[in-house]
Amino acid sequence: MPVAATTPLGELISPPGELIYQAIGLKKQFDNGKVVALRGLDLEIRKGEFVAIVGQSGCGKSTLLQMLGSLDKPSAGTLNYRGRSIPDLPDPAAYRALEIGFVFQAFHLLPTFTVLENVQMPMFGGKLSRSQRKARAVELLESVGLGHRLNHYPSELSGGERQRVAIARGLANEPAVVLADEPTGNLDSESALQIIDLLLDLHRKLRVTLVLVTHDPSVAARASRIIRMKDGRVISDQPAAAH
Amino acid sequence: MTFFTIVLRSLTRRPVRTCLTLVGISIGIAAVVTLVGLASGYEKGIGKQLDAVGIDVVVSNMSGGLMPKSFNESLEQKVAALPRVAETTSVLMRMMSVEEAPIMMISGREWGGFAWSGMKILNGRMPKDGSEKAVVLGTLAAEALKKKVGDTVQIEVEELTVVGIADGRSMVENGTIFLSLGVMQEVTGDIGKINFVDIRVPPNTSKEEIDLLCRDIKGIFPEGRAMVASEVVGSSQGFRVVRAMSWSTSLLAIIVGVLGVMNTMLMTVFERTHEIGILLALGWRRRRIVSMVLCESALLGMLGGLVGVGLGVLGLISLGSSPGIRGFIEPDLNPRLLLISIAIAVVVGVISGLYPAWRSSRLTPSLALQS
């Protein structure tokens, strides 16, 4: 069954998939209202989309991503994942472990564990046995081109390689969604390109919904949809011009 | 990789700090093993001595310190006249510093009494009579004082000749200086005084009959007590003080250990705030974070306990062979005490980890990630 079709004009259109994220009037304040990060944001993200969220520093895009990942709670408004309220999830740890994978700008790898061990971290508490965890981690690392770096420590890797480890780790439990926060922000342009290619490739092959925060227009241009934010609100939401 | 790998990794990442913390706990545990081991070794040693001499019941006034108070020697005749008494002998015993030895047991035994009969002379001879100014040394006492037959030993202001060296068949006996009661009373200025009447009962006397005898003795000697030999040390007030002191000193050392582990665990939790944030973002449950911290501190406690028991055993062995204690206290390497010590260390570890674990579980993932 085709999941995408082209119009006579050649534009890519996706069939309306299942609603993954829905935000209505989402607000977030810090320091008792002194800092307002989100001021009533409305948003819908559907299954299989590759959405880029762009905007200036401080526009609230990273805050939004943290809300989507249940790393922080909204001050007001509704935020649902597949129809269930994220702030009210009975088991947010299970949501983070099984439904989503995070990729961060600063990689956030654990420095005292090897690459292979880092990738296994999200698998604790799951059903896999010790050897299955290891086999799965090896498989993931090979798929991001790091099969030769298994027993290296993060400090021994380049930035691009570290981000590949983080991506492999984000995919550990076969999540439905990958949330990437400026994944190329700490990389040189060549590594950045490779990471975006890798993410796009995984998005296509694994059909994961990819939500990517960036302020780099060339990165955003690779997405199927670009949401622009300013001052805690969405100011535009449109398919990417070129794909 | 298992959960245990993760726990272990956080202890090995800062080896110096981990080692210092281990030393902190192990000192407390070593104190338990050494002090409590010495105290119970003392108890055991006295028990063995009474056994070697063949004493069934001891009459003394234990209300004082480690050595009972003295009383009039006429008590012996009164006790000897009681039913169920086969044999009695009077003893005046003192612990004092003798020449180079810091502390030594000196036992003045009634000449001709059964207390002399258990000794086996290895060298020299017994005193000729009850008034010869002579001593017999236990083998360990001879070693500690570096004396041989023919030398003299100064007790208080008297010079006494070593006429024999004897095997007393128990460590405490071997660490003792023996002389006749009369000479002892003269040397220490306790004329007419003794502080023990040792009793043998006829063979096959039942426990109930011995209890009856003890009650009779209480009747003629209200300020003192008659005790079955096996209960002597445990009921001594002095010994109770020693036992309480060794536990309370150990407790103090353990508290210092607890603070050390708590400090280390708090530091690791603080410096790993960021990493705990990462684990939370990866979907680790707070419960798992808490058990990670608690397992780390329990492991730290257990390792500290093992090191501490090792140090304690070494301490006990070296103290046991040091000149001041050898022949006086037989160190007690009781496996139960060693297991209890390790259990204490693990509990110490867990208790020290509670607060840091609670702290770590209260972190907000987004804030922890930013730190």
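Visitor: What share of the 371 residues in chain B is buried?

Guide: Burial is a neighbour count: a residue is buried if 20 or more other C-beta atoms lie within 10 Å of its own, exposed if 12 or fewer, and partly exposed in between, with C-beta atoms placed from the backbone. In chain B, buried residues make up 47% of the 371 residues. This is a predicted model, where local features need pLDDT of at least 70, side-chain atom pairs count only at pLDDT 80 or more, and totals for chains, interfaces and linings use all residues. Residues are numbered from 1 along each chain as its sequence is written, while chains are lettered from A and ligands numbered from 1 in the order in which they are written.

Visitor: How many helices and strands are there in chain B?

Guide: Helices (H or I, at least four residues) and strands (E, at least two) are DSSP runs, numbered from the N terminus. Chain B has 12 helices and 12 strands. Its radius of gyration is 28 Å, well over the 21 Å that the globule rule gives for 371 residues, so chain B is more spread out than a compact globule. That radius is taken over C-alpha atoms, and the rule is 2.2 Å times the number of residues to the power 0.38. Along the principal axes, the C-alpha atoms of chain B fill a box of roughly 90 × 45 × 30 Å.

Visitor: What domains does the assignment give for chain B?

Guide: Domain bounds come from an automatic or database domain assignment. For chain B, domain 1 is 3-44 + 239-370 and domain 2 is 64-223. Their C-alpha centres lie 45 Å apart.

Visitor: Which residues of helix α6 of chain B are buried?

Guide: Helix α6(B) spans residues 181-188, and its buried residues are B:Leu181, B:Val183, B:Met184 and B:Val187. They lie on the same side of α6(B), because they cover an arc of only 160 degrees around the axis. The arc is that of the directions from the helix axis to the C-beta atoms.

Visitor: What do the buried residues of α6(B) pack against?

Guide: Contact means that the C-beta atoms of two residues, placed from the backbone, lie within 7 Å. The partners of these buried residues include β3 (87-98), β4 (101-109) and β8 (158-167) of chain B. Just after α6(B), B:Gly189 takes a positive phi of about 75 degrees.

Visitor: Which strands pair with β3(B)?

Guide: Strands of a sheet pair through backbone hydrogen bonds, either parallel or antiparallel. Two strands pair if DSSP finds at least two bridges between them. β3(B) runs antiparallel to β4(B), joined by 7 bridges. β3(B) also pairs with β11(B), residues 196-200, in the antiparallel sense over 5 bridges. B:Val91 stands opposite B:Arg109 in β4(B) and opposite B:Phe196 in β11(B). The hairpin of β3(B) and β4(B) has 2 residues between the strands, and B:Glu99 there takes a positive phi near 50 degrees.

Visitor: What is the strand order in the open sheet of chain A?

Guide: The order of its 4 strands is β4-β3-β6-β7, with antiparallel pairing. The edge strands of chain A, β4 (35-46) and β7 (84-85), each pair on one side only. β3(A), residues 19-30, pairs with β4(A) over 9 bridges. A:Tyr21 stands opposite A:Ile45 in β4(A).

Visitor: How many residues does the contact take from each chain?

Guide: The contact takes 21 residues from chain A and 18 residues from chain B. On the chain A side, the largest share, 5 residues, comes from α2(A). That side has 11 nonpolar, 6 polar and 4 charged residues. Here Ala, Val, Leu, Ile, Met, Phe, Trp, Tyr, Cys and Pro count as nonpolar, Asp, Glu, Lys and Arg as charged, and the others, Gly among them, as polar.
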